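Have a go at each one before reading on.

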Amino acid sequence: SKAAAVLAGIDLDSGVRAVEPQYKLSTHIKIAMLYLEDDDPVSAESYIKKASSLIAGSKDPVLELQYKTSYARIMDAKRRFIDAASRYYELSSITARTVGGLAVGEDDLIGALNNAITCTILAAAGPQRSRMLSQLYKDERSAQLPVWPFLEKVYLERILRREEVEAFAATLKQHQMATLPDGSTVLSKAVMQHNLLSASKLYNNISVAELGTLLDVDPVKAEELAAEMIGEGRLQGSIDQVEGLIHFEDSLEQLVQWDRQVAATCVKVDTILEQMAAAQAVAAQ
């Protein structure tokens, strides 16, 4: 934008005149925010990085909030989803209703929580994603969101069906539906990885052809995905190319899955008890 270009044209590091660090910080954040409004995360990131070296010395809570919000949006736009999810979740957990005179509404917090869930679902399978899913699933606010049924199936590692994926896809932003070099989208790849991990919990082995049907892709692509995830250590197993079979190995993940099932049941029981207590309190009035 013209406003961003004008501000970016100001030389704050020439040394000709002293510039207060707080002014530099606020200018860098403002430029980053303007570039984000123009859907230019690359330019925005260069200025938020400049702000990163100054933010620790800031005592302005509004600037800190703007910095964190901008950083989360940049990570999201650049498809660094697990980093974005962590930042969004931090923003959703703000307890103060005013930050430096700036009102923080409940809608803002829920919006940040919803963004955290979306980015976590889109992130590549792995330990960081699993930890983030657990944190989001156990947050009682998540159960009130429309995305909750989808989040629950992802967390419990259940197979995701096409109609469920399509409904979730309708909620995504344009950059979150970008096409990757292999022709897939961010969502379709995340879903394939998820369903492959889910299949590894259901079967001891599966033919490449059956896996392709399960993942709704060509068997060759299904085998390539399995090989990639096994090679990266994100899936325990081996591929028998002669027999056309993928063998899944037992691991501690099965115990983790059982723990998730128990945790899910406990969450539902707690919710029911809270509803019963609230109903009793109303009846007693």
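**Exercise 1.** Work out how much accessible surface the chain has, and what share of it belongs to carbon and sulfur atoms.

*Solution.* The accessible surface comes to about 15700 Å², as given by the Shrake-Rupley method with a 1.4 Å probe. Of that surface, 54% belongs to carbon and sulfur atoms. Before going on, note that the model is predicted: local features need pLDDT of at least 70, side-chain atom pairs count only at pLDDT 80 or more, and totals for chains, interfaces and linings use all residues. Residues are numbered from 1 along each chain as its sequence is written, and side-chain values use heavy atoms, with hydrogens and water left out.

**Exercise 2.** Sum up the chain's secondary structure, burial and contacts.

*Solution.* Start with the elements: there are 13 helices and five strands. These are DSSP runs numbered from the N terminus (helices are H or I with at least four residues, strands E with at least two). Next, burial: 41% of the 285 residues count as buried, where buried means under 20% relative accessible area, exposed over 50%, and partly exposed in between (1.4 Å probe, protein chains only). Last, contacts, meaning heavy atoms within 4.5 Å: take those between residues at least 6 apart in sequence, and 58% of them join residues at least 24 apart.

**Exercise 3.** Find out how helices α5 and α7 are arranged.

*Solution.* First locate them: α5 covers residues 81-92 and α7 residues 127-138. Their axes come within 10 Å and cross at roughly 25°. That angle makes α5 roughly parallel to α7, since angles under 35 degrees count as roughly parallel, over 145 as roughly antiparallel, 65 to 115 as roughly perpendicular and the rest as oblique. Now list who touches whom: α5 brings Ile-82, Ala-85, Ser-86 and Tyr-89, while α7 brings Gln-128, Arg-129, Met-132, Gln-135 and Leu-136.

**Exercise 4.** Is His-194 buried or exposed, and what does it touch?

*Solution.* His-194 sits in helix α10, residues 186-202. Its relative accessible area is 4%, so His-194 is buried. Leaving aside residues up to four places away in sequence, His-194 touches Lys-153, Val-154, Glu-157, Arg-158 and Leu-160.

**Exercise 5.** Describe how strands β4 and β5 pair.

*Solution.* Strand β4 (residues 237-240) and strand β5 (residues 245-248) pair in the antiparallel sense over four bridges; DSSP must find at least two bridges for a pair. For one of the bridges, go to Ile-239: its partner in β5 is Ile-246. Then look at the connection: β4 and β5 form a hairpin with four residues between them, and Gly-244 in the turn has a positive phi of about 70°.

**Exercise 6.** Look at the phi angles of Asp-39 and Arg-79, and say where these residues lie.

*Solution.* Here's the background: most residues other than glycine have a negative phi. Asp-39 isn't a glycine, yet has a positive phi of about 55°. Asp-39 is in the loop between α2 (21-37) and α3 (41-55), and is exposed at 69% relative accessible area. Arg-79 isn't a glycine either, and has a positive phi of about 65°. You'll find Arg-79 in the loop between α4 (61-77) and α5; with a relative accessible area of 37%, Arg-79 is partly exposed.

Technical notes:
Axes fitted to C-alpha atoms, helices over the stretch in contact; angles between N-to-C directions.
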